[in-house]
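I opened my notebook to look up a few helices and strands. I wanted to see what sits inside and what pairs with what.

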Amino acid sequence: MGSDEVLNHSLMVCVPLTTQQSVEQLVNDMHQAKAQGADIVEISLDSITNFHPLRDLKIILTNKPLPVIIVNRPKWEGGLYEGDENVRLEALQLAVELGAEFVDIELKAASCFMTLVEHKRNHNNCGKIIVSCCVDGITPPKEELLQLVALMQATGADIVKLVTHAADITEITRIFSLLPIFQVPVIAYSAGERGLISQLLSPKFGGFFVCGSLAGNPIPGLPSLEGLREAYKLEHVNAYTKVIGLISKPVGHSKGPMLHNPSFRHVNYNGIYVPMFVDDLKEFFSTYPGPDFTGFSVGIPYKEEVVKFCDEVHPLAQSIGAVNTIIRRPRDGKLVGYNTDCEGSITAIEDALIEHGCNDGGSPLTGRLFVLVGAGGAGKALGFGAKSRGARVVIFDIDFERAKSLACAVLGEAKPYKELVKFQPEKGAILANATPLGMHPNTDRIPVAEATLGNYQLVFDAVYTPRRTTLLKDADAAGAITVSGVEMFLRQAIAQFNLFTGLQAPEKIMREIVLSKF
């Protein structure tokens, strides 16, 4: 596939291969990238161990299984090259002569490089030149970015590429504004975890170029090729696609995209569910209005704080004081907050008890001691759910005042967190962990003393990454019924789906996805 054919594709998925390695390993990675769904790879000559221009470029270009972008990035632009500038440019010129589909040159060196390769390109029908610029620090205002892209276009570039490093997700809107308005194709995105949506939403705002990472070699801010292929399927994203975002900090652990996106497609709903690393809720909601951004999931640590940014709050969520789902009401654009965690978690616990024979016609939680660890957003949902079923709630939280506040609201009892390790529950009690303890990557911690687990009839863990936490494994070994946070996640997600889309969730499909992917 030549460079013109590549540019005619509606969406191009690129894998940057920037890890220091031998040219032989690089060729192997190119084949892996193709197998995992890439359309093109970016080769950084400055990362090749003991790089020899003629020898190594011939190996790369002879053995490439898909089109390549050749880069030789100097240290002053974030790369590894520290040698003579003429030697660096000569290596890129050689890549043009040997038939690389694309060569990437920095704006500062573009005029010199264009002079070097102009004759070869005119006479040999060589590949395309990408003129690029990497902006450090806070993303400049839109007007400055427009001037910068115009300057790159004026060099005679076939493609211009602008990379920023967003300090806040609200800066990404400036990137989206650049994509559709120039005479030459524009690649523009923000690197790092806060810039992830600049990749995932690029096709919606007119972009044609998305970067992804190889399996086993994640790059912050880039979706995996597997995620692009199976979860997001960005080739289906267009200007009319509705955006549903997960508001959280951090956000990389979320499994929501791999559940919601295939479910949207199953019912032919034109939407995309994306993780959003948010630092400031006020700035976020003022920057991402409707009608494109139609709903949000809310994760750690914002389930309580986000309540004040909702125009209206459902009575259950209002009583709990925590929102995990927001929809933008179509008729007036108002943000309406809901809590789907409450019923999702409590029904999961009830159904597990009923399945094990605890069924006298009412809720199996009625009259039971319900030991709740964590009084944050998820803890509040569990506490109110337990109260609604007639359980006796005891709450532990590292913030004792927060524990007391929740205990007062659910007519329960608060105890100091330091007493948890010695707490001896009565037989048949329920334990619910609503803290991040045990979440990946700190998977070896549990919130209670292992010796006390045998006193609980059922142990529930709101953590779902990993699916079988250390707490659940230890509780299972102690003979308790165990309920994974995956079950809560699934049930609350089904309720969210109905709110987001106005359609009936494909529950069977969603359960199959959870069982196969989590």
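Predicted model: local features only at pLDDT ≥ 70, side-chain atom pairs only at ≥ 80, totals over all residues.

Entry one: helix H13. This helix covers residues 341–355, which makes 15 residues.

Next I asked how many residues of H13 are buried. I found 11 of its 15, so I noted H13 as mostly covered, counting a residue as buried under 20% relative accessible area. Among them are Asp341, Cys342, Gly344 and Ser345. Ile349, Glu350 and Leu353 are also buried. After H13 comes Gly357, and I noted its positive phi, near 95 degrees.

I looked up residues 12–17. Here 6 of the 6 residues are buried, so E1 is largely enclosed by the rest of the structure. Then I sorted the residues by direction. Met12, Cys14 and Pro16 point one way. Val13, Val15 and Leu17 point the other way. I recalled the general rule: in a regular strand, side chains alternate between the two faces of the sheet.

Entry three: partners of E1. Which strands pair with E1? One is E8, residues 209–211, which runs parallel to E1 and is joined to it by 3 bridges. There, Met12 has Phe209 as its bridge partner. Another is E2, residues 40–44, also parallel, with 4 bridges. Cys14 stands opposite Ile40 in that strand.

Last, I traced the path from E1 through helix H2, residues 23–35, to E2. I noted a right-handed β-α-β unit.

Conventions. Residues numbered from 1 in each chain as written. Heavy atoms only, no water. Helix = DSSP H or I, 4+ residues; strand = E, 2+ residues; numbered from the N terminus. Expected span 1.5 Å × (residues − 1). Buried < 20%, exposed > 50% of the residue type's maximum accessible area, 1.4 Å probe, protein only. Pairing = 2+ DSSP bridges. Right-handed = clockwise from strand over helix to strand, strands pointing away.
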